[in-house]
Amino acid sequence: MSLRLPTGSITVLLGPSVQRRRTMNRLDDASGRCADGHDAVVRRLGARATESAADRLATVDAARRGPTAMVLADRLTDGLDAQDRSTVLSALRAVAADGVAVLVDDIDPVAALAVADGALRVDERGEVRAEELAYLAS
């Protein structure tokens, strides 16, 4: 599967949960490419439901070290309460500010939209298309 994501921004994956999971699973961490075609480092961030918010924040911070071009935040907030979920998702803003493209699939897409610059919607057939955030806000 191939996706082109804007650098320096957070994109949220929307749609049916099963299709979002399948989409994230189809993305190959080892095949990232920059716009000019050279290899790019892709980091997939996830967590076990038992991990604390502090541990997850440390994981996000670690993604800022090194030559990261894309971060896949793959259900990074599963098991957290609303406040901790918001804190962890907000930490992704610093990653994007470093010029990294961030794609988020979260158990709570509404919370993820609060930090998003853009969105992709996956439909029941697994097809992905850009979603207008202005439309979502109305």
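I began with D61, which forms a salt bridge with R65; their closest N and O atoms are 3.0 Å apart. This is a predicted model. D61 is partly exposed, at 37% relative accessible area. R65 is exposed, at 53%.

Then I looked up R64. Its side chain meets that of D98 in a salt bridge, 2.7 Å from N to O. I placed both residues: R64 sits in the loop between α2 (53–63) and β3 (68–74), D98 in the loop between α3 (82–97) and β4 (101–105), so the pair ties together parts 34 residues apart in sequence. R64 is partly exposed, with a relative accessible area of 37%. D98 is partly exposed as well, with 43%.

R85 came next. I found it in a salt bridge with D108, the closest N and O atoms being 3.6 Å apart. R85 belongs to helix α3 and D108 to the loop between β4 and α4 (109–113), so this pair ties together parts 23 residues apart in sequence. Is R85 buried or exposed? R85 counts as buried, at 12% relative accessibility. D108 is partly exposed, at 26%.

I also traced shared partners. Salt bridges join R20, R21, R44, D74, R75 and D105 into one network. My count of salt bridges comes to 15.

Last, I turned to helix α1 (residues 17–26). Which of its residues are buried? I noted Q19, R20, T23 and M24 as buried. They cover an arc of only 135° around the axis, which puts them on the same side of α1. An α-helix has 3.6 residues a turn, so residues three or four places apart point the same way.

How values were computed:
Residues numbered from 1 in each chain as written. Predicted model: local features only at pLDDT ≥ 70, side-chain atom pairs only at ≥ 80, totals over all residues. Heavy atoms only, no water. Buried < 20%, exposed > 50% of the residue type's maximum accessible area, 1.4 Å probe, protein only. Helix = DSSP H or I, 4+ residues; strand = E, 2+ residues; numbered from the N terminus. Arc of directions from axis to C-beta. Salt bridge = Lys/Arg side-chain N within 4 Å of Asp/Glu carboxyl O.
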